[in-house]
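Try each task before you read its solution.

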Amino acid sequence: MTTETIRHAFTSAAELLAVVQPAEGGRDISDPATGALVGRVAEPGVVELDAAVAAARAAQPDWASRGHDERRELLNRAADAVETNAEALAELLSREQGKPLNGPNARFEVGACAAWLRATASFELEPEVLTGDDGLRAELHYKPLGVVGAIGPWNWPMMISVWQLAPALRMGNTVVMKPSEYTPLSVLALAEVLNTVFPADVLQVVPGGREVGERLAAHPDIAKVMFTGSTATGKAIIRSSADTVKRLTLELGGNDAGIVLPDADPQAIAEDLFWGAFINTGQTCAALKRLYVHQDIYDDVCQALTAVAANMPMGVGLDENNVLGPLQNKAQFDIVARLVQAAKDSGARILTGGDPDPDQPGYFYPATLVADIDNDNPLVAEEQFGPALPIVKYATVDEVVQMANGLDVGLGASVWSSDLARAREVAARIEAGTVWINKHGAVDPRVPFGGAKQSGYGLEFGVEGLKHLGAPQVING
């Protein structure tokens, strides 16, 4: 790899931290697995955000003038930079977010950043000819919007940042990002690596509190806001953005249903069911949050899942043996603990887990499977966003479709069956932005992704995702 491609390689997470944290002062960031200090983050405010937006606005015309081909080349070089610094990024991510290095976790997330950059660079977006047969020609083009504001979550802080910034930059926009207050160092480090490739001021990160996010959503020089997070915060962003009529892409909360049909093979699907629910220790918007199993195979699925869970070690992320980590923060730990307790109080059966060790440091909640639970129990009706899966028994397809569609959210869902045609018939009845067959949460950079109902609106990924980062213009004549 030439020095022209990568201007710097960071040898360790410590070297990355030395660059992104302030020389003095700032707010402490602690490891959710151990409580140990990870580093410090500066806390800029609205003044600093305004300066970043102004710089991004000034840089945007030159960035747009470079054209698709040059921007595609730079996205590929940015992917090279991520791969060169992958281990340092993964170590910092593991320490700050808590997720283990191995399994579908920290190294996986960093690898996905590079893959998404390359995929976004590869998409073709040519003008679409709308008419022309009668001698009148109309073409649909997509032009840059200007400055895109991106507000990210703490569960996949690096990967979701790339989901936001890659298409925005590819389309000729510049980007100002506000990371979660829980995981700012990971996003600052990722941007530091990417900015060894990108021109100055094209991509900026402004960590900060609620006032920074509110200003970003309302800022008159921000043309679009991309947000991944809770439905409540998404509604606040809609309100803040209204006066400037911003474009929005909102990927909000989900409470994804999985439906196991009676012809499914419990042993064959058990591990995929487990990871559909427990990827990132359950802290994923499109994770399987409530599992519906037909009464004929209910006990067999419960038994198979319990056996899989017993072989998934949980612990400190830097331990190469672990594949499950802690909850990222105490607030989320308390939510999971409250919902599991509600299940216990109702008389539901705990198959495994449900009893965290009070003497263990960190926010560890054991992988928990809950059987014989009613559909209206809080653990089913509310999004737990953690390592606790309720398993609900059903009798008929009509009944289970009604239960799956009974909430006001609809990000993803899944249907599990040995009969693909039957699975597709059931999938078509589910009110969700994506319904997977015999898998769950398998996002793909080529396939558009977005929510239904109160799980948000707008699309990400693929050519359709690129279009949502551009302003459509019809040239007619």
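**Exercise 1.** Name the members of the aromatic cluster that includes W116.

Solution. The cluster is made of W116, W163, F449 and F461. Rings of Phe, Tyr and Trp (its six-membered ring) pair if their centres lie within 6.5 Å. Across the whole structure, a search finds eleven aromatic pairs.

The model is predicted: local features need pLDDT of at least 70, side-chain atom pairs count only at pLDDT 80 or more, and totals for chains, interfaces and linings use all residues. Residues are numbered from 1 along each chain as its sequence is written, and side-chain values use heavy atoms, with hydrogens and water left out.

**Exercise 2.** Classify the pair W63 and F198 as stacked, tilted or edge-to-face.

Solution. Planes under 30 degrees apart count as stacked, over 60 as edge-to-face and the rest as tilted. The ring centres of W63 and F198 are 6.1 Å apart and the planes stand at 75°, so this pair is edge-to-face. Next, locate the partners. W63 sits in helix α2 (residues 46–65), and F198 in the loop between α7 (184–194) and β7 (203–205). They are 135 residues apart. Helices (H or I, at least four residues) and strands (E, at least two) are DSSP runs, numbered from the N terminus.

**Exercise 3.** Is F274 buried or exposed?

Solution. Buried means under 20% relative accessible area, exposed over 50%, partly exposed in between (1.4 Å probe, protein chains only). F274 has 0% relative accessibility, so it counts as buried. W275 has 17%, so W275 counts as buried too.
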